[in-house]
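Trainee: Could we go through this structure together, one residue to begin with and then the whole chain?

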Amino acid sequence: MPFWNKGKSREEKEAEIAILQKKQDVWNEKIAKGFQDHSHCIVCGRAIHFGKKYCSIECKEKYMNLEGKKGKQNKWMCMLMGVLLPLMMVLMFAFQ
Ligand SMILES: [Zn+2]
C-alpha cells in the first residue's frame, strides 16, 4: 500500500469516489437544465441570468443606495484628510 493511502481502507476510498461521482452527477444535471451560465445576485445571492448583476430592481436599488453612502463617506474622508494633512504639516513646522 503506498504511503499516501495509509489509514484509509478500501471501503472509505470507495465511499469517497461515490460522493465525488454523485457531485459530478448533480453538476451534470444542472448543466442539462441550463444552469451552467449563470451569475448570482450581488445583493442577495440568488441565481440569475449570466451577465446580470441583480435579481430584481429592489436589489439594484439596495445596492445603489449602499454604494452611494459609501461614496459619500469616501468623499468626506478625502476632504478630512485634505484638511488635516496640511494642518499637521503646518503644526510640525511651527513647533520645530
Ligand atoms: Zn437579489
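Mentor: Let us start with K60, which is partly exposed because 16 other C-beta atoms lie within 10 Å; a residue counts as buried with 20 or more other C-beta atoms within 10 Å of its own, as exposed with 12 or fewer, and as partly exposed in between, the C-beta atoms being placed from the backbone. This is a predicted model, where local features need pLDDT of at least 70, side-chain atom pairs count only at pLDDT 80 or more, and totals for chains, interfaces and linings use all residues. Residues are numbered from 1 along each chain as its sequence is written.

Trainee: Which helix is K60 found in?

Mentor: K60 is found in helix α2, where helices are DSSP runs of H or I with at least four residues, strands are runs of E with at least two, and both are numbered from the N terminus.

Trainee: And how many buried residues does α2 have?

Mentor: The count is zero among its 38 residues, so α2 is hardly covered, and across the protein chain buried residues make up 0% of the 96 residues.

Trainee: New topic: what pattern does the protein chain follow?

Mentor: Along the sequence the pattern is α-β-β-α, with two helices and two strands.
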